[in-house]
Structure formats: structure tokens, C-alpha cells
Amino acid sequence: MAVKIRLKRLGYKKHPVYRVVVADSRSPRDGAVIDQIGTYDPNQEPSLFQVDAEAAKKWIQNGAQPTETVARLLKQAGVEK
């Protein structure tokens, strides 16, 4: 089972809000998740990114692969791999 840390889209039309989730790579984007570890709101200025750094580090150490976007956001937030 390949586990990914990725964004789950919420919000309404043309106003997305995302949850940072840990999910099986085979599940749909907005499907079942294993764990929710944060949120991302690109509509605010500056964009709001909140994540549980300890949970993110734990999942990465256990083999979860962040997507490119999540990896960039984690790097900006100071969460080390």
C-alpha cells in the first residue's frame, strides 16, 4: 500500500479550501483518508497553511510520500524531511 500526503479539496466553486491528509495513493482525491494533519487556504492574503509538524514528520518517517505541492508547502512551513 503506497501512502501519500496530499491535498483534499473542499469549499465551493472557484473558492477552494484544502485539507492536508494522509491517504492511500489509489483512493480518489476526495475519498477516504487515513489521517488529517492540516489545512491550506490559498484565498487569504497571505495564504494560510497550518499543519501538525509532528504528525507530518511521523508519517514521512513511516514511508508516506508528500505530493509536489504538499512538499513545497511543508518546506515553506519549516517541516524537515
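Lys14 is found in the loop between β1 and β2. The model is a predicted one. In this model, the phi of Lys14 is near 60°, a positive value in a residue other than glycine. Most residues other than glycine have a negative phi. Lys14 is exposed, with a relative accessible area of 74%, so the residue lies above the 50% cut-off for exposure.

Two further loops carry features of note. Ser27 sits in the loop that links β2 to β3. Ser27 has a relative accessibility of 18% and therefore counts as buried, the limit being 20%. Its side chain takes part in two polar pairs. The side chain of Ser27 makes a polar contact with the side chain of Arg6, at 2.8 Å. A polar atom of the Ser27 side chain also lies 2.8 Å from the backbone oxygen of Asp24. With residues up to four places away in sequence left out, Ser27 touches Arg6 and Ala32. Pro46 belongs to the loop between β3 and β4. The peptide bond that joins Glu45 and Pro46 is cis, with omega about -5°. Most peptide bonds are trans.

The strands form an open sheet. Five strands follow the order β4-β3-β2-β1-β5, and the pairing is mixed. β4 and β5 (65-66) stand at the edges with a single partner strand each, so one side of each is left without a neighbour in the sheet. Strands of a sheet pair through backbone hydrogen bonds, either parallel or antiparallel. For β2 and β3 the sense is antiparallel, over five bridges. Arg19 has Thr39 of β3 as its bridge partner.

Helix α1 lies across β1, β2, β3 and β4. The helix runs at about 120° to β3. Ala55, Ala56, Trp59 and Ile60 are buried in α1. Seen down the helix axis, the buried residues of α1 fall within an arc of 130°, so they line one face. The face turned away from this buried side carries the exposed residues Glu54 and Gln61. The cover over the buried residues of α1 includes β1, β2, β3, β4 (48-51) and α2. Just after α1, Gly63 takes a positive phi of about 105°.

The largest nonpolar core holds 17 residues. Ile5, Val20, Ile37 and Leu74 touch the most other members of this core. Two or more residues come from each of β1 (3-12), β2 (15-24), β3 (35-41), α1 (53-61) and α2 (68-77). α1 gives the most to the core, with four residues.

Contacts of Ile37 and Trp59 were then examined, leaving aside neighbours within four places in sequence. Ile37 is in contact with Ile5, Val20, Val22, Gln50, Val51, Asp52, Ala55, Ala56 and Trp59. Trp59 lies in helix α1. At a relative accessible area of 16%, Trp59 is buried. Trp59 is in contact with Ile5, Val22, Ile34, Asp35, Ile37 and Ala64. Trp59 and Gln36 are 23 residues apart in sequence, and their C-alpha atoms are 11 Å apart in space.

How values were computed:
Residues numbered from 1 in each chain as written. Predicted model: local features only at pLDDT ≥ 70, side-chain atom pairs only at ≥ 80, totals over all residues. Heavy atoms only, no water. Core = buried A, V, L, I, M, F, W, Y, C linked by side-chain atoms within 4.5 Å. Buried < 20%, exposed > 50% of the residue type's maximum accessible area, 1.4 Å probe, protein only. Contact = heavy atoms within 4.5 Å. Arc of directions from axis to C-beta. Pairing = 2+ DSSP bridges. Axes fitted to C-alpha atoms, helices over the stretch in contact; angles between N-to-C directions. Polar contact = N/O pair within 3.5 Å; in protein donor to acceptor, adjacent residues only side chain to side chain.
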